[in-house]
Amino acid sequence: MPFETLIWLLPLPPLLAFFLIITFAYRRNSLSHGLAIGAVGLSWLGSMFVFWRALQSEHLAEHPWSAVLNWIPTGDTWFQIGVQADPLTVVTLFFVAWTILMIFIYSVGYHNYGQPRGVHDRPGLPPQGAEVKDAHGHHHRVPSIEPMYARFFALVSLFAFAMYLLVVSDNLLTLYIGWEVMGVCSYLLIGFWYAKESARNAAVKAFLTTRIGDVFMLLGLAALYALTGSLNYRAILGNPQVLEILASTISPVAGLSWAALIGLLLFAGTVGKSAQFPLHVWLPDAMEGPTPVSAMIHAATMVSAGVYLMIRFFPLLSAGWMPGEPLTPPMVAMAFIGAFTALFAATIGLAQRDIKRVLAYSTISQLGYMIAALGIGAYVAATFHLVTHAFFKALLFLASGSVIHGMEHGVYHTDEHVDPQDMFNMGGLRHKMPVTFWTFLVGGLSLAGFPLITAGFWSKDEILTAAFQSNLPVFITLGVAALLTAFYTMRQLTLVFLGQPRTAAAAQAQESRLVMTIPLVVLAIFALAAGWVGIPASFPLVGGILPNWFEAFVGSMLGHVGEADHLIFTPTPLLVSILASLGGLFLGWWVYQSQRDRVQDVLAKPLGGLYRLWQNKYYIDELYQLVFIRPALWVADVFTYHWLDRKIIDGVLHGIGRLGLAIGHGFREFIDRPLINGAGDAVADGTHEVGARLRILQPGRLQVYLLIALVGILIIGLVLFSIGMV
Amino acid sequence: MIPLSWYLTFSAVLFSIGLFTVLARRHAIVILMGIELMLNAVNINLLAFWHYWSQVRGAPQVNGMVFVAMVFVLAAAETAVALALIISAYRRHHTVVVDEMTLLKG
């Protein structure tokens, strides 16, 4: 079997699992998760094999493994599909395979496999818990199994297929297919508990918001195909002449070059998918879905797909740009939007109460980091942060799911009605849930960029270094964002795990099962170790102990040494990075260790209006409601329905109806009644009249009849005789 | 190579299932699904013949593909309209069972 066939096969097992589960295992829980985990396990195995082979092969960037098939004829040419494995694919495959596998295993525990069914559980609602009786006759409330267990595994399998497809694809066409299938899965999984109205709304919101970006992306795709006649990466990105022509021809829009225009259009797709400002609104609401979905789709993989697309198309986005020169328009847009989003989302994250929403905003913020890094040309740093972020954010989400589970256990135990996701109801969980605590701590420190030991530090430091050397405003924005990130991470850690329990439920929380904690431990190892492969050689003390494998491996994608200035070590960004991280962590702990109240945030009073602004997410949702949704509803309801449909179209129809009635009435009054009815009546009356007159001829006596007959015969005989016929 | 007749048999089976669904089921959305199934059976037929003809000619033809794309677009539009109708009928009559929608029966 040629090696390329294996790459073709990578996405297929999860797709197969999806179809098998929906056809045969829809009511069989253990079979459904067995199929799903087995399938992603196979894909994981294949990915690891590809990764291992890639480590051994040289010049993979120049000669990637690839295979192409003709798919759809288009007259004189074909739409081609194919697979390709180059260093970027392989690195992405690595983190996608690991996070997906871990999340699948975790989901078995998260959806309470092996627990009894709840009496009140209905499909479309989260499990409400079940009553069980123990050996002593005591009643306990315990978590109950998810009513739509198999449906969950079917949908995440389909999602895993789409992500693998997107990663191994060698062209924009199949990438776009994977991209859209993920959009559908995201919709279905956010709305997984569809009986909750908030979940339905969140699903629709996510689908529609990302669709805005996708339309632009499709336009970009069409433009690219029209100009180059291909959607293949190597044909476009690996061909300097094509890039040069695209960068030098002027498009009809605003004097941009075609490369810039297409770059901006593709970037719009990323803005939607990776939840960048102004299309970031869907991601926090997407937390309505089950936590494994939040971890997988809205942290580790799907939102990464947008950044992956930008990294993949970096040669096009930066066509005509060399390090040290002014940035191209798409890069300016990316640097600006990315840096702004990083800071913007971090400030909102400061004032959220829901444990998952904080993580959602941190995701938006970290994706902004990557986009900003690409915008200033830090290709390797962006890729590096993509990988480390996937690990530590998947870890954080899964750990938060574990915390929520522990809290739910406490809620069942105490029958106290508190929101198990509100951080202000927690506190002191480190003793109750030690594994969750330590893994959450690792993830949180990695997110905050705790120096030296965590993965997040190395990737974030690399981005800050690159920003410092090329663009000071971006550097300052990202530096402040790093400080805020460390602050809200420590806020979260302090509120959830440190101090004393603020509710009885938190005091009764319980550690999750092994099937949930083992994935946490595995991801925690990556959240630490994933950074060690990219330590810059020029870093003081520890630089050079481990070779900077990542830079060499992924950097080879660009062909030229785009980030040579990385080799020069400057202390400022490093100091900023360490100070921001440690300072933010310390401040977060210092401020929130005094939090006792479970209603009021200690910062709410000192910050006042600013806090309310952050808590309400800068009122962006309300703004969109006012500017887009209300007018759209108005157009639909008042304009289209009441005016257009009810007044004009119905008016015309009713007019035609009335005209018909009038014509009918006319016919009735002037033709039917006088003429036709009159004629009919006249015939009837005439008959009646004649009958009455002739009645006297019928007296009923035989003799008279005979007499009349005789007279008649006589008359007829006389007449015939008189005219001479006889 | 899979022979042409297999595709046609498959398509016929699919069409029959769709037809049965439309005739036998009472739920409006399931009936819609049946219609979609029939349309897709037609698509498979078109594609099978397209592929066959391409092989006979030895060169790829586009026509069959274009037909199928048209059918897809029409099916999507039709579904959108039909679903909107079903939803608005549901809002008015609180049922999606077609037998119970008897407004025109006098």
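## A buried lysine and an exposed tyrosine

Lys617(A) is buried, as 22 other C-beta atoms sit within 10 Å. For the cut-offs: buried takes 20 or more other C-beta atoms within 10 Å of the residue's own, exposed takes 12 or fewer, and partly exposed is in between, with C-beta atoms placed from the backbone. Its phi is near 55 degrees, a positive value in a residue other than glycine. You'll find Lys617(A) in the loop between α27 (609-615) and α28 (620-694) of chain A. Helices here are DSSP runs of H or I with at least four residues, strands are runs of E with at least two, and both are numbered from the N terminus.

Tyr619(A) lies in the loop between α27 and α28 of chain A. This residue isn't a glycine either, yet its phi is positive at about 60 degrees. Tyr619(A) counts as exposed, because it has 12 C-beta neighbours inside 10 Å.

## What you're looking at

This is a predicted model, where local features need pLDDT of at least 70, side-chain atom pairs count only at pLDDT 80 or more, and totals for chains, interfaces and linings use all residues. Residues are numbered from 1 along each chain as its sequence is written, while chains are lettered from A and ligands numbered from 1 in the order in which they are written.

## The annotated domain in chain A

UniProt (unreviewed entry) lists residues 169-484 of chain A as "domain: NADH:quinone oxidoreductase/Mrp antiporter transmembrane". UniProt positions follow the numbering used here, feature names are shortened, and annotations may be inferred rather than shown by experiment. Over residues 169-484 the chain is 74% helix and 0% strand, with the end C-alpha atoms 37 Å apart.

There's a cis peptide bond to check as well: it joins Phe277(A) and Pro278(A), with omega about 5 degrees. Pro278(A) is in the loop between α10 (258-273) and α11 (282-285) of chain A.

## Two helices side by side

The axes of α15 (residues 329-349) and α21 (residues 472-497) of chain A come within 9 Å and cross at roughly 25 degrees. So α15(A) is roughly parallel to α21(A). Residues in the contact include Ala335(A) and Ala339(A) from α15(A), and Val474(A) and Tyr488(A) from α21(A); contact means C-beta atoms, placed from the backbone, within 7 Å.

## Chain B

For chain B, the UniProt annotation "transmembrane region" (unreviewed entry) covers residues 6-23, 30-53 and 65-87. Residues 30-53 of chain B are 100% helix and 0% strand, with end C-alpha atoms 34 Å apart.

Note on methods:
Axes are lines fitted to C-alpha atoms, for helices over the stretch in contact, and angles run from 0 to 180 degrees between N-to-C directions. Angles under 35 degrees count as roughly parallel, over 145 as roughly antiparallel, 65 to 115 as roughly perpendicular and the rest as oblique. Two residues are in contact if their C-beta atoms, placed from the backbone, lie within 7 Å.
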